[in-house]
Amino acid sequence: MDIVVFFIASGLAIASAVAVVAQKNPFVSALALLGNLVSLAVLLLLLSAQFVAAAQIIVYAGAIMVMFLFVIAYVGPRSEIGAGERKPWQVWLAVLASALIAIEVIVVVFGATFGDWADLDGDYGTPAAIGKALMTDYLLAFEVVSVILFMAAVAGVVFGAGGRPRRLSDDEVQAKEAESAEQRRREASRAVLDATRDSMGEGA
Amino acid sequence: MTVGLPLFLAISAILFSIGLVGVLLRRSPLTILLSLEVMLNSVNLTLVAFSREVGGSDGQIFALIVMGIAAAEVVVGLGLVVAMTRREMVLDTDELRTLNG
């Protein structure tokens, strides 16, 4: 039973990872990454890591992917510009180098002797056990991660909202002013219309 | 538990190398960040698999901290992409060669 779930989940994980890398449209890539994360969460559940699997879904699929999709929608079709193809020798070299790394690891891993799976305590991988370890033995790492996250949030705001946007040329400034003047005029006339309608309604 | 540890490690290595191909070949910064996520997640799988083999929770804590750092990395990376968009720069890593020696 376990082995069936394992092969289904790992097949889906590999297929979706290939889709992430190969898709031209970043939107489709992001959705494929979502599938990759969910199938990896299944693999984590097979390893009895319930809390990490839940955190994987909540943190990655919930928070990080929403941020990705938001930025992809913000950037729009411009993000597809960079998806042009490489020279063939670059593609072959990259695939060859990566395949060598994978094959190397696989050969080593299947040649090595590992111990059997350890016998587990009843609370292995539960939020209680993880939380206890996080709040006692790994408190320093926990605090450092929270400081890093805070710094990253500040950096994200500074990069995204700060800085000086492109200066408008004089023609664009004039066009913008004309547009806002037109809008103000339209709003004023609408206010007048509303006022007349109200007073007519009261009269009747 | 009938699936052995080597299978988990092999899947993790395959996912890592697929992500590596994406980081090496793609030119859009957004897709490079997405491929990086694939690589980080494959390493998380390795950490949790070894943690399961030993029977301790240390590897799982490590994986959670990697998730936190990945979130920070994505925030900074996406912030850079937004800043590039606001300045109307081309979103192509081959075109961004101002710092190229």
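How many salt bridges are counted between chain B and chain A?

1. The count between chain B and chain A is 0 salt bridges, a salt bridge being a side-chain nitrogen of Lys or Arg within 4 Å of a carboxyl oxygen of Asp or Glu.

2. This is a predicted model, in which local features need pLDDT of at least 70 and side-chain atom pairs count only at pLDDT 80 or more, while totals for chains, interfaces and linings use all residues. Residues are numbered from 1 along each chain as its sequence is written, chains are lettered from A in the order in which they are written, and side-chain values use heavy atoms, with hydrogens and water left out.

3. For chain A, the domain assignment, whose bounds come from an automatic or database source, gives domain 1 (1-81), domain 2 (122-162) and domain 3 (172-204). The C-alpha centres of domain 2 of chain A and domain 3 of chain A lie 52 Å apart.

4. Between the two chains, 77 residues of chain B are in contact (heavy atoms within 4.5 Å) with 87 residues of chain A. The area buried between them, meaning the accessible area (1.4 Å probe) that two parts lose on being put together, summed over both, is about 7,400 Å², and carbon and sulfur atoms give 75% of this area. In chain B, the residues that lose the most area to chain A are B:L34, B:R52 and B:R86, together 10% of what that side buries.

5. The count between chain B and chain A is 11 residue pairs in polar contact, both residues at pLDDT 80 or more; a polar contact is a pair of N or O atoms within 3.5 Å, where, within protein, one must be able to donate a hydrogen and the other to accept it, and residues adjacent in sequence count only if both atoms are side-chain atoms.

6. Helices here are DSSP runs (H or I, at least four residues), numbered from the N terminus. On the side of chain B that touches chain A, α1 (5-25), α2 (29-54) and α3 (58-86) of chain B each supply at least two residues, and α3(B) gives the most, with 24 residues.

7. B:N44, in helix α2 of chain B, counts as buried at 2% relative accessibility, where buried means under 20% relative accessible area (1.4 Å probe, protein chains only). B:M67, in helix α3 of chain B, is buried too, with a relative accessible area of 3%. Leaving aside neighbours within four places in sequence, B:M67 is in contact with A:V52, A:A55, A:Q56, A:Y60 and B:N44.

Notes
Buried means under 20% relative accessible area, exposed over 50%, partly exposed in between (1.4 Å probe, protein chains only).
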